[in-house]
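Hi,

Here is the structure I promised to pass on to you. Please have a look at it first, and then read my notes below.

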Amino acid sequence: MSLLPWNHPGTAERYRLFTERHDRYRIAARALGRAAAVAPGHRVLDIAAGSGGTALACLDQLGDDSAVTAVEAADAMRQEGERRTGGRPVSWCAAPPTGQTYDRVICGAAMWALGPVSEVIGGMSDYVAQNGVLAVSLPAAYLGEADTPGGGADPELTALPAALA
């Protein structure tokens with residue numbers, strides 16, 4: 001898999017701005033944290049962390065005494081995430097720390113970009129502690145379900161199909 005498009009600083013900044021502007025990303029990140037039952041005291045690994053939106057949503061559920069380990073292979077995206085989460089307890093790295101396990105391993109809507117699903121799930125599960133949880137979010141289209149334009153209260157995206165027509 002090529003990281004080239006995601007590894008450009010301009011792309012990373014535009015992605016961060018886009019995810020901050022449109023509700024669907026905050027809604028999905030919070031839903032993923034709830035589905036994973038993230039709670040205070042959990043060790044959380046956020047795989048393909050992008051610009052940090054899911055890590056921030058998990059921190060809201062973890063409380064002040066916990067941290068998130070955010071894994072992002074693309075340097076530009078990781079640097080954007082570090083800026084976005086600066087001052088918050090998020091530890092950024094290019095690959096998961098070896099020999100570590102986590103109470104919650106999450107991946108927010110990025111599995112499609114990581115490789116064959118069976119290999120990706122197998123690799124992620126290596127980081128799940130005993131009695132831990134692996135949780136991923138997938139776009140509705142991958143599950144054969146309808147997804148309304150914008151996926152939330154987002155007039156700009158909801159109006160996009162009509163504007164394109």
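What follows is a short tour of what I found.

First, the ground rules. This is a predicted model, so local features need pLDDT of at least 70 and side-chain atom pairs count only at pLDDT 80 or more, while totals for chains, interfaces and linings use all residues. Residues are numbered from 1 along each chain as its sequence is written, and side-chain values use heavy atoms, with hydrogens and water left out.

Let me start with Ser-51, which sits in the loop between strand E1 (44-47) and helix H3 (53-62). Helices (H or I, at least four residues) and strands (E, at least two) are DSSP runs, numbered from the N terminus. Ser-51 counts as buried because its relative accessibility is 2%; buried means under 20% relative accessible area, exposed over 50%, and partly exposed in between (1.4 Å probe, protein chains only). Its side chain makes a polar contact of 3.1 Å with that of Arg-84. For such a contact, a pair of N or O atoms lies within 3.5 Å; within protein, one must be able to donate a hydrogen and the other to accept it, and residues adjacent in sequence count only if both atoms are side-chain atoms. Beyond four places in sequence, the residues in contact with Ser-51 include Tyr-15, Met-77 and Trp-92, where contact means heavy atoms within 4.5 Å.

Next comes H3 itself, with 7 of its 10 residues buried. Among them are Thr-54, Leu-56 and Cys-58. The cover over the buried residues of H3 includes helix H2 (23-35), E1, E2, helix H4 (75-84), E3 and strand E4 (102-108).

The largest nonpolar core has 16 residues, and Val-44, Val-68 and Ile-106 have the most contacts inside it. A core here is a set of buried Ala, Val, Leu, Ile, Met, Phe, Trp, Tyr and Cys residues joined through side-chain atoms within 4.5 Å. H3, strand E2 (68-71) and strand E3 (90-93) each give two or more residues to this core, and H3 supplies the largest share, 5 residues. A second, separate core of 13 residues includes Ile-47, Val-105, Ala-110 and Met-124.

How many disulfides does a search of the whole structure find? The search finds 0, a disulfide being a pair of cysteine sulfur atoms within 2.5 Å. Cys-58 is buried, at 0% relative accessible area, and Cys-107 is buried at 1%.

Best wishes
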